[in-house]
Amino acid sequence: MTDALLPAAPQPLEKEAHCYFRKGCNPLAQTGRSKLQNQRAALNQKILKAMRMRTGAENLLKAATNQKVREQVRLELSFLNSDLQMLKEELEGLNISVGVYQNTEEAFTIPLIPLGLKETKDVDFSVALKDFILEHYSEDSYLYENEIADLMDLRQACRTPSRNEAGVELLMSYFLQLGFVESRFFPPTRQMGILFTWYDSLTGVPVSQQNLLLEKASILFNIGALYTQIGTRCNRQTEAGLESTVDAFQRAAGVLNYLKETFTHTPSYDMSPAMLSVLVKMMLAQAQESTLEKVCLPGLQNEFFLLVKVAQEAAKVGEVYRQLHAAMNQEPVKENIPYSWASLACVKAHHYEALAHYFTATLLIDHQLKRGEDEDHQEKCLSQLYSHMPEGLTPLGTLKNVHQRQLLGKSHLCRAVTHHEESMREASLCKKLRNIEVLQEVLSAARQRSQLKYSQLREDDDLLNLTDAPDIVSKTEREVEIILPQFSKVTVTDFFQKLGPLSVFSANKRWTAPRSIHFTAEEGDLGFTLRGNSPVQVHFLDPYCSAAEAGTKEGDYIVSIQDVDCKWLTLSEVMKMLKSFGQNDIEMKVVSLLDATSSMHSKCATYSVGMQKTYSMICLGVDVDDKTDKTKKVSKKLSFLSWGTNKNRQKSASTLCLPSVGVAMPPVKKKLSSPFSLLNTDSSLY
């Protein structure tokens, strides 16, 4: 991984008239990260092929009755299982290839673990969306070719986001755009026939589903993964770089936690609630580790109170990594978490506990209570360092007795050396960790420092006089916490806002085809009043006026006047337009909402190769209440396997973050050519 280069700079926004389109990184750029992601894509294809072959062999074994055939199939199955195990180990090697994602500056620090992005296949929205526009909205679908092309280009760009805030904004824009697409084109009573396929980031197992929520959940996972890559890229040799690292991992934890709470029962190992809980713990642990590095950044001075603070900070980091290692070894996470990740968590737990004991030993051995010093403050700090003092010792007495201080300090040094040796032993047991040179160097240097200090104080009777050093109380001045994703800061315009305001013109509502109404205003009186705001409704209709005789009904929505679209016009604008015709004939097109019907569950079969269970996702679909008709109620049914978390949620979880739609309609754009037209493979180049 020595060929790691700086990631390609984000490309500037491509402007044309009043529109823009974001692009991802150049997929053909030969950076270390792109090569690693290409290897991941190739491995996903190999795993898929091996899974299919194993499934076929298992089916043949069940159907075969000839004993020789069964033996041959069993032999083939053993080879396939061996190949899958090797592919899994190879994928684990990519997940622990931390060197590619680290900052290019040489640093004597333990590497942090980033998450790899989930891979996906190409998706063609054009046919399904065009058919739905023609059928549901009764509009010419060819007028929306540019918008559909923009949606597909945006999705393609999200496969190669840049490793900075621009890349995060790109993914968030697509996530929010999917909220509009879901409301416009995905009714709860039918499937759209669009198959989404995403590969598990940890196992490489593909999951295919005709459910837009799988797409949204996978994009959220990639937002969290991108934050981890931003965090590992920061320069941890500066205070600003470490602050950015802490912030990035806190945001990664927030996105993953939001994914866990919003999208439940996801049919993918890496997005299961148990796995996401572990990943959130891992992000917070790495943020806490960076907080300790920030405290130690100016260079540790051999000062009593500072050493107390650093010792407790190191104990805190060791504690969170010990909890993380325990969580990684619980079922069902244990089977799918990379072994190298669990090993590194154990290594760091022992390493930082050793540092806590080393700093405690230093403050006890190198400092003596002198006249004029604040005895009460030092006594208080020492008493807070332990949950309980060793038997026969008191904080003030230990501070004043040089011999007691040295004995207790040497006991801490012994525990420090023990933890250092245990961390090096754990690192040596994992092949992937043995190949990380900087990790081996940091562990070795820390052990040698503790051994050197102990050797300078060692006496022959230490084995008889030394007692077990007590545990150090973990404490931190900055408790890291998750930062929830801030979708409101990303401005998104609905690609399909020409269809009309989303409150009325959505997939959840049905209406009649547009009817042409020809009428005249008799003596300046239209024969009806208007109400509402974008779109405007006919109200208080005179049953004997020319508009009523032409077929207008009270409650109709006015969609156009004289072939001028007015779905987004306000009440005053529509009234002004109608009165401008005077006594002339007026052509107006209206639509009438149909009776709301109860939402029906729509089952979505999930194809997941090699998974222990095949999930059948049932979408949570709720019709939006028609506020204009208070006498009608919409029955809401909750599925037993819902993507949402709260059973009493009034709307689907996937529609919680829809931004506001601008009033002005964008002009018709020329179709943008995709920057990825040269790619012909299913897997993305990164």
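How many helices and strands does the protein chain have? The protein chain has 18 helices and 12 strands, where helices (H or I, at least four residues) and strands (E, at least two) are DSSP runs numbered from the N terminus. This is a predicted model, in which local features need pLDDT of at least 70 and side-chain atom pairs count only at pLDDT 80 or more, while totals for chains, interfaces and linings use all residues. Residues are numbered from 1 along each chain as its sequence is written, and side-chain values use heavy atoms, with hydrogens and water left out.

Let's begin with the whole chain. Of its 686 residues, 54% count as buried, meaning under 20% relative accessible area with a 1.4 Å probe, protein chains only. The chain exposes about 31900 Å², and carbon and sulfur atoms supply 51% of that area; the areas come from the Shrake-Rupley method with a 1.4 Å probe. Among contacts (heavy atoms within 4.5 Å) between residues at least 6 apart in sequence, 78% join residues at least 24 apart.

Now find helix H6 (residues 212-233) and helix H7 (residues 239-262), which pack at an angle of about 165 degrees with their axes 8 Å apart. Axes here are lines fitted to C-alpha atoms, for helices over the stretch in contact, and angles run from 0 to 180 degrees between N-to-C directions. H6 and H7 are therefore roughly antiparallel to each other, the term for angles over 145 degrees. Residues in their contact include Leu220, Phe221 and Tyr227 of H6 and Phe249, Arg251 and Leu256 of H7. The residues of this contact divide into 13 nonpolar, 5 polar and 1 charged; Ala, Val, Leu, Ile, Met, Phe, Trp, Tyr, Cys and Pro count as nonpolar, Asp, Glu, Lys and Arg as charged, and the others, Gly among them, as polar.

The axes of helix H13 (residues 402-429) and helix H15 (residues 437-457) come within 9 Å and cross at roughly 155 degrees. That crossing angle makes H13 roughly antiparallel to H15. The residues of the contact of H13 with H15 divide into 10 nonpolar, 6 polar and 4 charged. Among them are Lys410, Leu413 and Glu421 in H13, and Arg447, Lys453 and Tyr454 in H15.

Finally, zoom in on Ser290, which lies in helix H8 (residues 273-296). Ser290 is buried, with a relative accessible area of 0%. Leaving out residues up to four places away in sequence, Ser290 touches Leu112, Leu242, Thr245 and Val246. Thr245 also belongs to the H7 side of the contact between H6 and H7.

Methods. Buried means under 20% relative accessible area, exposed over 50%, partly exposed in between (1.4 Å probe, protein chains only). Angles under 35 degrees count as roughly parallel, over 145 as roughly antiparallel, 65 to 115 as roughly perpendicular and the rest as oblique.
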